[in-house]
Amino acid sequence: MTIPPPRSLGHGFGAVSVPLPFRSPAWVNCYLIEADGLTLIDCGVDWPEGFEALESGMRTLGLDPHSIDRLIVTHLHPDHVGMAPRVAQTWACDIVMHERSAERIPRYNDTAGHAARISQLARRHGVPESLRADFTDVATRAPFMPMMRQPDLLVTDGDRVALSEDRWLEVLHTPGHEPSHICLRDSLTGILFSGDHVLPRITPVIMVDDEGVDVLGDYLASLQRLVDLGVGLTYPAHGGVVEHGALRAEQIALHHDRRLSGMLGVVAMAPQTAWEVMLESYRPHLNTTEQRLALRETVSHLEHLRARSEVASFAEGDLWFYRRST
Ligand SMILES: [Zn+2]
């Protein structure tokens, strides 16, 4: 897939698509807003190709990276926040994130803790013994996600980030894909910067994180907010422009509804582990990384069904089973 060239989007907006060291998504869209100062939204992982693309892309658009005042990061995933410390240091700008990121950053920095949680997930949710070693092989931190520092400014839902005297970005806290996820809405045009909350064609992965927290419930509520706001033109972090954000939010909610019904069917006949439900619900031949994501997403769906009292869970030793509630 070819990475789109740097482009002006009108109203002081620009976009630079920055390559990622993954097959999919292959790039992240970094948005620039030129008003009284210069604002950057998201920055990609920390690797030379990304930094060069961001710097040269900005120059192509006639922007001087040293004039960036602030980098707003939509959420705490490496393809959005990875290069933030380098960007802030090199170009002397502030990092702005949602207030939940403050408590999440130590966890983002804790590779051993992440590995321990993946091991527990594998044990608890039935990853077969023969696949366990590969599945839990996440103890090495990728060089493109250096330690993250605390942001210079924490924002909360409803806050306004001033772009000029009479123009601002409204902060919408949209937890689900990640607990500190925010979208930003431009007061002048109503255009929404959606991060990974709403994407064209693909749906963002909704992964269980802390057991017992209904992340899919959070996500569906965050989607409904976009519907209620009647969000129109939307600039996502991956892929092309979304013409109608509210409509796309409805489509994504429908996708999850279908998946929830499917999983409810799987556990209707007999109790199943999340691993077994995953095998029934996703396409076959997933690689290990995909299996990890699919299992975490399966658990988030089953936990949502549990929060709605449609399924129940019980443990046999270390192993958890889900069954349809009677
Ligand atoms: Zn992303």
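In the predicted model, helix H10 is mostly covered, with 14 of its 20 residues buried. The helix runs over residues 288-307, and at 1.5 Å a residue its 20 residues should span 28 Å. The end C-alpha atoms of H10 are 28 Å apart, which agrees with that expectation. The start of H10 is marked by a contact between side chain and backbone: a side-chain oxygen of Asn287 comes to within 3.1 Å of the backbone nitrogen of Thr289. Just after the helix, Ser309 adopts a positive phi of about 60 degrees.

Aromatic pairs were searched for across the whole structure, and nine were found. In one of them, the ring centres of Phe13 and Tyr235 are 6.1 Å apart and the ring planes stand at 90 degrees; planes over 60 degrees apart count as edge-to-face, so this pair is assigned to that class. Phe13 belongs to strand S2 (residues 13-19) and Tyr235 to strand S12 (residues 234-236), so the pair ties together parts that are 222 residues apart in sequence. Phe13 and Tyr235 are both buried. These two residues also belong to a cluster, linked by ring pairs, that includes Tyr31 and Phe193.

Another of the pairs is formed by Phe135 and Trp275, whose ring centres lie 6.3 Å apart. With an angle of 80 degrees between the planes, this pair is therefore edge-to-face. The pair links distant parts of the chain, as Phe135 lies in helix H6 (residues 129-135) and Trp275 in helix H9 (residues 274-281), 140 residues apart. Phe135 is buried, as is Trp275.

Charged side chains also lie over aromatic rings. The charged end of Arg141 is placed over the ring of Tyr108, at 5.3 Å from the ring centre. Arg259 is positioned over the face of Tyr282, and here the distance to the ring centre is 4.0 Å.

His197 occupies the loop between strand S11 (192-195) and helix H7 (215-229). The relative accessible area of His197 is 1%; the limit for a buried residue is under 20%, so His197 is classed as buried. When residues up to four places away in sequence are not counted, His197 touches Thr174, His181, Cys183 and Pro204, together with Tyr219, Ser222, Leu223, Leu226 and Ile252.

How values were computed: Residues numbered from 1 in each chain as written. Predicted model: local features only at pLDDT ≥ 70, side-chain atom pairs only at ≥ 80, totals over all residues. Heavy atoms only, no water. Phe/Tyr/Trp six-rings, centres within 6.5 Å; stacked < 30°, edge-to-face > 60°. Helix = DSSP H or I, 4+ residues; strand = E, 2+ residues; numbered from the N terminus. Buried < 20%, exposed > 50% of the residue type's maximum accessible area, 1.4 Å probe, protein only. Lys NZ or Arg CZ within 6 Å of the ring centre and 35° of its normal. Contact = heavy atoms within 4.5 Å. Expected span 1.5 Å × (residues − 1). Polar contact = N/O pair within 3.5 Å; in protein donor to acceptor, adjacent residues only side chain to side chain.
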